[in-house]
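Subject: Structure handover

Hello,

Here is the structure I said I would pass on. Please open it beside this email and follow along; my notes come after it.

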Amino acid sequence: MTNSKLIYLDNNATTKVDEKVVEEMMPYFSKYYGNPSSMYELGGVNSKKIQESREIIKEFFGAKSAKEIFFTASGSESANMAIRGVLDVDKSKNHLITSKVEHPCVLNVHKQLEKEGYSVTYVGVNSDGEINKEELFNAVTDKTALVSCMYANNETGVIFPVEEIAQVVKSKNKNTKVFVDGVQAAGKIKLDVKNTEIDMMGISGHKFHAPKGIGALYVNSSTLISPLVIGGHQERGKRAGTENVPSIVGMALAAQMADDALAYEETTVKRLRDKLETNLLSKIYNARLNSSPYNRVPNTTNIGFEYVEGELILLNMNDVGICASSGSACTSGSLDPSHVLKAMGVPFTALHGSIRFSLSRYTTEEEIDYTISKMPAIIDKLAKISPFQKELQELKQRKGFI
């Protein structure tokens with residue numbers, strides 16, 4: 001970075017760990033370092049703290065019982081544990097349903113399962129990124145073992161009606177299980193699984209100011225899964241390995257803080273997001289919104305800058321200290337356009353120039369103002385070296401900028 005300023009607008013990729021969370025974790029590295037499975041008091045302290053943390057995460061999910069909560073190492077592990085775990089228990093059905101815009105941790109599992117003999121229906125979305133519910137519901141058969149879908153899309157922030165999806169799926173086949181990837185919803189909107197037909201939901205701590213390397217999976221009491229990681233007795237035999245006590249403790253506090261901040265997310269964070277979005281769309285002639293303007297989590301916007309390259313945009317943003325993303329953090333090393341935006345039918349002219357801005361409760365008004373002040377010049381500079389000068393001039397004229 002050539003600029004001393006740091007404006008972090010990539011919170012869907014990861015968030016900074018809250019200082020209070022770090023402080024809460026520290027004793028469990030060096031003071032309370034015992035193995036939770038040990039019989040002596042040093043281990044017992046940690047065992048008790050894990051159970052206290054499990055109760056907190058139960059409340060975060062809105063689950064009925066702490067026994068429905070399993071700690072994992074990530075959202076990706078939670079997804080794999082849920083999907084593989086259910087299918088390993090009941091091999092009588094070979095049909096799966098998911099959407100075309102899922103995170104790679106769900107999408108790529110399904111692609112692998114196809115190679116193993118499963119039939120998969122990939123449900124489409126409309127131009128706003130909203131799932132085609134009718135297509136999904138019509139795909140459910142007596143052979144459907146599992147429906148997997150995300151709560152909020154990591155690239156656009158668009159919210160899927162997961163409670164309705166689960167309810168209708170169960171009405172068509174009560175034995176079909178429903179897994180929800182809740183990673184991008186957790187900490188941004190209220191979770192309440194106990195009042196739904198959702199069977200399983202995964203989250204990841206580093207998306208709501210907990211450390212990386214810790215996640216959780218909700219599995220309702222009527223759903224059986226087999227372990228993904230086989231070994232010891234930890235997590236009631238469902239996930240072997242000595243527990244990551246500091247991170248479990250940290251995620252529990254981060255979850256409490258995130259729940260307490262939900263009103264702030266829905267008001268202040270949303271207002272700042274909208275301010276950024278409105279200004280960029282009004283000041284930059286080749287900017288377009290790549291999602292529904294309404295049905296989103298409060299912190300996310302995805303804006304396409306037509307006829308310019310996303311990689312160049314990000315490099316120039318980095319030069320002035322602004323961090324954002326061109327898509328999922330798990331695929332940002334790829335030069336291929338976003339599979340999410342392609343599924344939405346975003347024009348080719350904007351596919352490679354789309355940037356995701358994702359805020360957090362730590363984003364300030366000054367940071368948004370700074371970003372608004374810098375982005376028009378960046379896009380204008382890159383538009384001038386674009387090989388599509390004729391198309392850009394026509395677009396500028398059509399939008400009334402000349």
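**Aromatic rings**

At 36% relative accessibility, Phe401 counts as partly exposed. Tyr285, by contrast, has 10% relative accessibility and counts as buried, because the cut-off for buried is under 20%. Tyr285 sits in the loop between α9 (262–283) and β9 (287–289), while Phe401 belongs to the segment after α14, so the pair ties together parts that are 116 residues apart in sequence. Before going on, please keep in mind that this is a predicted model.

How many aromatic pairs does a search of the whole structure find? The count is 5. Another of them joins Phe60 and Phe208, again tilted, with 5.0 Å from centre to centre and 45° between the planes. Phe60 is in helix α3 (residues 41–61) and Phe208 is in the loop between β7 (200–204) and β8 (215–219), so this pair links distant parts of the chain, 148 residues apart. Phe60 is buried, with a relative accessible area of 2%, and Phe208 is buried with a relative accessible area of 2%.

Two lysines also lie over rings. Lys5 is over the face of Tyr370, 4.8 Å from the ring centre. Lys16 is over the face of Tyr362, at 4.5 Å from the ring centre.

**Helix α14**

Which residues of α14 are buried? In this helix (residues 389–398) they are Leu392, Leu395 and Lys396. Seen down the axis of α14, these buried residues fall within an arc of 100°, so they line one face of the helix. As background, an α-helix has 3.6 residues a turn, so residues three or four places apart point the same way. The face of α14 turned away from the buried side carries the exposed residues Lys390, Gln397 and Arg398. What covers the buried residues includes α13 (365–384). After α14 comes Gly400, with a positive phi near 80°.

**A three-stranded sheet**

There is an open sheet of 3 strands in the order β9-β10-β12, with antiparallel pairing. β9 and β12 (354–358) are at the edges with a single partner strand each, so one side of each has no neighbour in the sheet. From one strand to the next, the twist averages 30°. β10 (residues 300–305) pairs with β12 in the antiparallel sense over 5 bridges. Helix α10 (residues 310–319) lies across β10 and β12, and runs at about 45° to β12.

**Thr14**

Thr14 lies between β1 (7–8) and α1 (19–25). Is Thr14 buried or exposed? Thr14 is buried, with a relative accessible area of 16%. Leaving aside residues up to four places away in sequence, Thr14 touches Tyr8, His206 and Lys212.

Regards

Notes: Residues are numbered from 1 along each chain as its sequence is written. This is a predicted model: local features need pLDDT of at least 70, side-chain atom pairs count only at pLDDT 80 or more; totals for chains, interfaces and linings use all residues. Side-chain values use heavy atoms; hydrogens and water are left out. Buried means under 20% relative accessible area, exposed over 50%, partly exposed in between (1.4 Å probe, protein chains only). Helices (H or I, at least four residues) and strands (E, at least two) are DSSP runs, numbered from the N terminus. The arc is that of the directions from the helix axis to the C-beta atoms. Contact means heavy atoms within 4.5 Å. Rings of Phe, Tyr and Trp (its six-membered ring) pair if their centres lie within 6.5 Å; planes under 30 degrees apart count as stacked, over 60 as edge-to-face and the rest as tilted. A charge sits over a ring if NZ of Lys or CZ of Arg is within 6 Å of the ring centre and within 35 degrees of the ring normal. Two strands pair if DSSP finds at least two bridges between them. Axes are lines fitted to C-alpha atoms, for helices over the stretch in contact, and angles run from 0 to 180 degrees between N-to-C directions.
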